[in-house]
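The following questions and answers concern a complex whose sequence and model are shown below. Each answer ends on the value or name requested.

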Amino acid sequence: MVPTSYYVILSAVLFGLGVIAFIFKRNIISIFMSIELMLNAVNLAFVAFSQSKGNLDGQIFVLFVIIVAAAEAAVGLGIIILIARNRQSLNVERVDLLKL
Amino acid sequence: MTPQLLIFFVLAALAVVGSLSLILQKHPIHSALSLIVVMVALAGLYLLMGAEFVAAVQIIVYGGAIMVLFVFVIMLLNAGIEEHTNFSKLAGYAGVPLGIALTGFIAAAIARSTDTVHAATTGGTIASTRQISTMIFKEFVYPFELTSFLILVAIMGAIVLAQREK
C-alpha cells in the first residue's frame, strides 16, 4: 500500500513543473499544454484524497474537471487558430496588441 | 518494498520525466507526446489506487480526445521550433527557484495536513463504477446536466472562432 502523502507530493511536483513550463515556454500551444499538466496534477490529488477518505466526491469532481478541460481545450485551440491566422506566429511575445 | 510501492515509483518517475521533457523539448509536437506519457502514467496511478473509472476516462478523454485535438492543431498550424525572443530577465533568473519553492511549499503544507488529518494508506476497493454512476445521477445530476450545456456552448464557440470570415 502506498501512503497518500506520496501521491500528494507527486501531485505538487507535477503542479510545480507545470508552473515552470508556463513561465518558460514561448509557444502558445506549449503554454496551453502546461495548463493541462497543472489540471492533471490537481486531479491526482483529488483522487488520492478521495481514496484515502473513502469518499467518492473527489472522483466525481475529477470527472467534472476533465469535462471542463475538454471544453477549455476546444475553445482555447479555436482562439489559438485565430491568433495564428491573424499574427502569422505562435510566439506569445508577438501577441502584444494590448501592451502599452 | 511492496510491489505496489515499486509500481508507484516507476509510474511517478515516468510522470516526472515526461513533464521535464515537456519543458525541455523545443518542438511543440515533442512536448505534446511527452504530455501523453504523463497522462498515461497518471492513468496507471489511478488504477493503482483502485479508481478504475477515472483511469478509463483519463485515457479516453485526456489521452484520446484532448491530446488528439492538440496534435491536430499543432500539425494544422505547422508549428515549428519555438524561437527565443527578448526573454524576461525576471523569469530567466527567478523562474526556476520560485517554481521549486512553490512546489516545496505546496508539498510540505499538504503532506503535513494529510498526516495530521488521516494517516491512512491509499488503495482501497471502495470505488466501484456503480457507486460513482449512482452518485452522478442522484446527487450530482444538476451539475452533470449543466456540463452538457457547457460542452454545447464550447462546441459552438469553437466553431464560431475557427471559421474563416467572409
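Q: Over which residues of chain B does pLDDT stay under 50?
A: This is a predicted model, and pLDDT expresses the predictor's confidence in each residue. Beyond four places in sequence, the model has four contacts for the stretch concerned. The stretch in which pLDDT stays under 50 is residues 116–120 of chain B.

Q: Which element of chain B has the highest mean pLDDT?
A: Chain B averages a pLDDT of 82, and 86% of the residues score at least 70. Among its elements, the lowest mean, 51, belongs to E1(B). The highest mean, 91, belongs to H2(B).

Q: What pattern does chain B follow along the sequence?
A: Chain B comprises six helices and one strand. Of the contacts in chain B between residues at least 6 apart in sequence, 59% join residues at least 24 apart. Read along the sequence, the pattern of chain B is α-α-α-α-β-α-α.

Q: Which element gives the most residues to the side of chain B that touches chain A?
A: In the predicted complex, 74 residues of chain B are in contact with 61 residues of chain A. Elements giving two or more residues to this side of chain B include helix H1 (3–24), helix H4 (89–117) and strand E1 (121–122). By class, the residues on this side are 53 nonpolar, 18 polar and three charged. The element that gives the most, with 13 residues, is H4(B).

Q: Are H2(A) and H3(B) roughly parallel or roughly antiparallel to each other?
A: Helix H2 (residues 28–53) of chain A packs with H3(B) at an angle of about 175°, and their axes are 12 Å apart. Angles over 145 degrees count as roughly antiparallel. The two helices, H2(A) and H3(B), are therefore roughly antiparallel.

Q: How many nonpolar residues does the contact of H2(A) with H3(B) have?
A: H2(A) contributes Ile29(A), Met33(A), Glu36(A) and Val47(A). H3(B) contributes Val54(B), Ile66(B), Phe70(B), Val73(B) and Ile74(B). By class, this contact has one charged residue and no polar residues, and its nonpolar residues number eight.

Q: What distance does helix H3 of chain A reach from its first C-alpha to its last?
A: Helix H3 of chain A spans residues 57–87, which is 31 residues. At 1.5 Å a residue, 45 Å is expected. The distance reached is close to that value, at 44 Å.

Key:
Residues are numbered from 1 along each chain as its sequence is written. Chains are lettered from A and ligands numbered from 1 in the order in which they are written. This is a predicted model: local features need pLDDT of at least 70, side-chain atom pairs count only at pLDDT 80 or more; totals for chains, interfaces and linings use all residues. Two residues are in contact if their C-beta atoms, placed from the backbone, lie within 7 Å. Helices (H or I, at least four residues) and strands (E, at least two) are DSSP runs, numbered from the N terminus. Ala, Val, Leu, Ile, Met, Phe, Trp, Tyr, Cys and Pro count as nonpolar, Asp, Glu, Lys and Arg as charged, and the others, Gly among them, as polar. The expected span of a helix is 1.5 Å times one less than its number of residues. Axes are lines fitted to C-alpha atoms, for helices over the stretch in contact, and angles run from 0 to 180 degrees between N-to-C directions. Angles under 35 degrees count as roughly parallel, over 145 as roughly antiparallel, 65 to 115 as roughly perpendicular and the rest as oblique. pLDDT is the predictor's confidence in each residue, from 0 to 100.
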